[in-house]
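Trainee: I have a model open and want to walk through it. Can we take it piece by piece?

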Amino acid sequence: MLQTILALPVENQIFFAVLGFSWTVYLWEAYLSYRQRRIYRSTTQVPQELGKIMDTETFEKSRLYQLDKSNFSFWSGLYSETEGTLILVLGGIPFLWSLAGTVSGRFGFGPEYEITQSLAFLTLATLFSAVTGLPWSIYSTFIIEEKHGFNQQTLAFFLKDAVKKFAVTQCILLPVTSLLLYIIKIGGDFFFIYAWLFTLCVSLVLVTIYADYIAPLFDKFTPLPEGELKTDIETMAKSISFPLTKVYVVEGSKRSSHSNAYFYGFFKNKRIVLFDTLLEDYSPLNKTGEEQSENTEDTPSESKVKAKNKKQGCNNPEILAVLGHELGHWKLGHTVKNIVISQMNSFLCFFLFAVLIGRRELFLAFGFHDSQPTLIGLMIIFQFIFSPYNELLSFCLTVLSRRFEFQADAFALGMGKASQLYSALIKLNKDNLGFPVADWLFSMWHYSHPPLLERLRALGSVKQD
Ligand SMILES: [Zn+2]
């Protein structure tokens, strides 16, 4: 088999290497998920060391939730790998490229307008992936998340959201891509430097405008009302000189009851965002008790707020501990380190792209016999040729992220918030139905956060009473 492949022309070797690598990664990940599912199936009793932090009911609920999710991702993963393979084998990319040529021709742009054809190609490709992905995300939201009590969306809200997301993506993607293609075209020998600088600027601009202009298109942000929590957050920010300008609450409960908190912003203009589902006193999921559940049938609403008899979210000292962890990421320079890593990576990729883009065999490998469009080159090189490197990089970043999580926990511990963080982590794990037992290989490959028990242990020396 190997000899037959080695006897083939180099473009066919490239094609089979790309396909082979893609299936290798797929099978490796399928194997890891299989190992993890084995854990979900066999660990039916709360392990002794977890007895104090998790009750039998939550444990069983999270086990079944994670098992359902894992089974789902088995089928969706198999589907997308098969789809990707069929697209490559049947020449889907050159087909879509010529279809894009026809479309842009209809608008009066002949084959000499490569950028117009590229934009038509991008729109068609994103449309294709949005449409083929839709049934899967509907199933995940309305069958799996729904079954386990997380989903808060109606189908109408969900579909409207999907259309909005598609429109917003196009509004950003199309101008950015046309400028990038233009820069590559006129940039001369050092185009990769200009292309990299351009993507750097775009990402800085996006980060700056995202919170004020893009995120509000999808979710409602309200300033955290004056009160004890707000004062405490401001005092804490001040104590570590975090340049906090505003604290927002985002109405995450419109989508799901999963909870979170994060900060964003540049330099002296930082904001903190808390999910309403994180705040015990704020979460609509707590407020709407039985009185609401009786009349949900006749209140027409885009979002259905379901009655939950259990309280969700954290109390104020626990929220402060969670924020202590988040601000730890900032104080310890994790945010800056991540930006530097990703920009160095992007520079390296553009440089290698410049080295490879002239190679005709790369285009031949993917069915482009008489043209070498730049957009297709970007796709082939960044997505297919770099994929072994991308896998390795993402593994290293996962390992790094776990280190950062431990360090941020230790930072909160240093602020004297260990015991509040300890109980917050337990509550959040419970609210989000995280399963506390993991296969070592699966978690090493996939977990961006250390397993709950390891985090508690690291905090726990304080809590051994
Ligand atoms: Zn963190």
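Trainee: Are His-325 and Glu-405 buried or exposed?

Mentor: This is a predicted model, where local features need pLDDT of at least 70, side-chain atom pairs count only at pLDDT 80 or more, and totals for chains, interfaces and linings use all residues. Residues are numbered from 1 along each chain as its sequence is written, and side-chain values use heavy atoms, without hydrogens and water. Buried means under 20% relative accessible area, exposed over 50%, and partly exposed in between, with a 1.4 Å probe and protein chains only. By that cut-off, His-325 and Glu-405 are both buried.

Trainee: Which residues coordinate the zinc ion?

Mentor: Donors are N, O and S atoms within 2.8 Å of the metal (3.2 Å for Na, K and Ca); water is not among the atoms, so sites may look incomplete. Along the chain, the donors follow the spacing H-x3-H-x75-E. His-325 in helix H11 and Glu-405 in helix H15 (residues 387-414) lie 80 residues apart. At 2.1 to 2.6 Å, the zinc ion is held by NE2 of His-325, NE2 of His-329 and, through two OE entries, Glu-405.

Trainee: What is the arrangement of the four donor atoms around the zinc ion?

Mentor: Four donors count as tetrahedral if all angles lie between 85 and 135 degrees; four count as square planar and six as octahedral if opposite donors are over 155 degrees apart and all others between 65 and 115; anything else is irregular. Here the angles run from 53 to 135°, so the arrangement is irregular.

Trainee: Where is Glu-318 found?

Mentor: Helices (H or I, at least four residues) and strands (E, at least two) are DSSP runs, numbered from the N terminus. Glu-318 counts as buried because its relative accessibility is 6%. Beyond four places in sequence, Glu-318 touches Gln-420, Ser-423, Ala-424 and Lys-427, where contact means heavy atoms within 4.5 Å. Its element is helix H11 (residues 316-331).

Trainee: In which sense do S2 and strand S4 pair?

Mentor: Two strands pair if DSSP finds at least two bridges between them. Strand S1 (residues 221-223) and strand S2 (residues 244-250) pair in the antiparallel sense over three bridges. Val-249 has Leu-274 in S4 as its bridge partner. S2 and strand S4 (residues 270-275) have six bridges, and their sense is parallel.

Trainee: Which residues touch the most other members of the largest nonpolar core?

Mentor: A nonpolar core is a set of buried Ala, Val, Leu, Ile, Met, Phe, Trp, Tyr and Cys residues joined through side-chain atoms within 4.5 Å. Ile-376 has contacts including Trp-97, Phe-121 and Phe-363. Of the 37 residues in this core, those touching the most other members are Phe-121, Phe-366 and Ile-376.
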